[in-house]
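Biologist: I'm new to this one. Can you put it on screen and walk me through it?

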Amino acid sequence: MRAIVVFASRESLPVLQRAIAAADAAASASGYRIDVVVNGNPALAQALVREGNARTAAPMRVWSIALGDKANAWSQYFHTIWNGEALAFFMDGYVRPHADAARLLGDAVLADPVALGGSGVPSVGRTAQALRRDMLQHGGFHGNFCCIKGEVIAQLRAQPFRLPVGLYRGDSLLGAVLRFGLRPESEAWDPRRIHVHGDASWQTDAKRWWSPADLLGQLRRLRRQARGRLENEAVKHHFLVLRRAPSALPATADDLVRQWLAACPQDARTLQRRNPLIRREIERLTQSATSAAQPQAPQLLQESA
């Protein structure tokens, strides 16, 4: 059995339905299950139950998590939803994988004894070709369409490993954990542990620069990318400098970044001089109190055979 996990949050119902239809087409072979994990949008999850899941050939489960946080959704899948499948694919709710993407990537990963997971490569968008070349040359783990072996998920559960709540760059952190063989405290970095397949890809709707919604979305992405830069530095410090285990990560992303700010103040000052958005995020973190972790478990809304 293989699973295709669709993470959704802010998508409209039609966009999510198209993503699920594409996942269902990619799961055309027998032995697949689709898990739709809607976080932070109970209305979307309820609408999907009412209108959206009757046409899938693969069995499907619809889950709702009240907390709007993808990092928590990843952790909840690992610890609560995963049901022993040999391979789990992960995709976003606005992504439409090509019909052969799951077969190409899944077969390659399962046949690769070194790989712990795998990643497709983008094919649409302004930066897609450059990113594709970089991933094929240097490796990578793209959250739009990637996968992890079931035996690896079992090891993550046993550690136990959870992504810090509020983390923006969850796929980057997971990619680092995989390339360290789940044990950065003792294992060397090896890009071969993530199998990147150049023919496994997906489609997304084109961004419209004249659309107010897309312009606002781009502004939010720039802010999140500034935050993501801080997260990347904090993760590198945790794994490469401190050589600490993934299970020792702080419960929240805010506390992860705060630890790095305290340990590497000069590096932080260098970053904030270069980017005013980073400076604003550092000011927010240093002026606010330590975060309380608020992980939330999923609720199973519907299961179709």
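Biologist: Which residue in β7 is the bridge partner of Met-91?
Modeller: Phe-145 is the bridge partner of Met-91. Strands here are DSSP E runs of at least two residues, and helices are H or I runs of at least four, numbered from the N terminus. This is a predicted model, where local features need pLDDT of at least 70, side-chain atom pairs count only at pLDDT 80 or more, and totals for chains, interfaces and linings use all residues. Residues are numbered from 1 along each chain as its sequence is written, and side-chain values use heavy atoms, leaving out hydrogens and water.

Biologist: How many bridges join β4 to β7?
Modeller: 5 bridges join them, and the two strands run antiparallel. Strands pair if DSSP finds at least two bridges between them.

Biologist: What is the strand order in the sheet?
Modeller: The order is β8-β6-β7-β4-β1-β2-β3-β10. That is an open sheet of 8 strands with mixed pairing. β8 and β10 are at the edges with a single partner strand each, so one side of each has no neighbour in the sheet.

Biologist: Which helix packs on the sheet?
Modeller: α4, residues 101-111. Helix α4 touches β1, β2, β4, β6, β7 and β8. Contact means heavy atoms within 4.5 Å. The direction of α4 makes about 35° with that of β7. Axes are lines fitted to C-alpha atoms, for helices over the stretch in contact, with angles from 0 to 180 degrees between N-to-C directions.

Biologist: New topic, α3. Is it largely enclosed or left open?
Modeller: Largely enclosed by the rest of the structure, because 10 of its 12 residues are buried. Buried means under 20% relative accessible area, exposed over 50%, partly exposed in between (1.4 Å probe, protein chains only). Among the buried ones are Trp-74, Tyr-77 and Phe-78.

Biologist: What caps its N-terminal end?
Modeller: Asp-69 does, with a side-chain oxygen 3.4 Å from the backbone nitrogen of Ala-71.

Biologist: And Pro-160, where is that?
Modeller: In the loop between α6 and α7. Pro-160 is partly exposed, at 47% relative accessibility. Leaving aside residues up to four places away in sequence, Pro-160 touches His-79 and Ser-247. His-79 is one of the buried residues of α3.

Biologist: Last one: is Asp-190 buried or exposed?
Modeller: Buried, with a relative accessible area of 14%. Asp-190 lies in the loop between α7 and β8. Its side chain makes a polar contact with the side chain of Arg-192, at 2.9 Å. A polar contact is a pair of N or O atoms within 3.5 Å; within protein, one must be able to donate a hydrogen and the other to accept it, and residues adjacent in sequence count only if both atoms are side-chain atoms.
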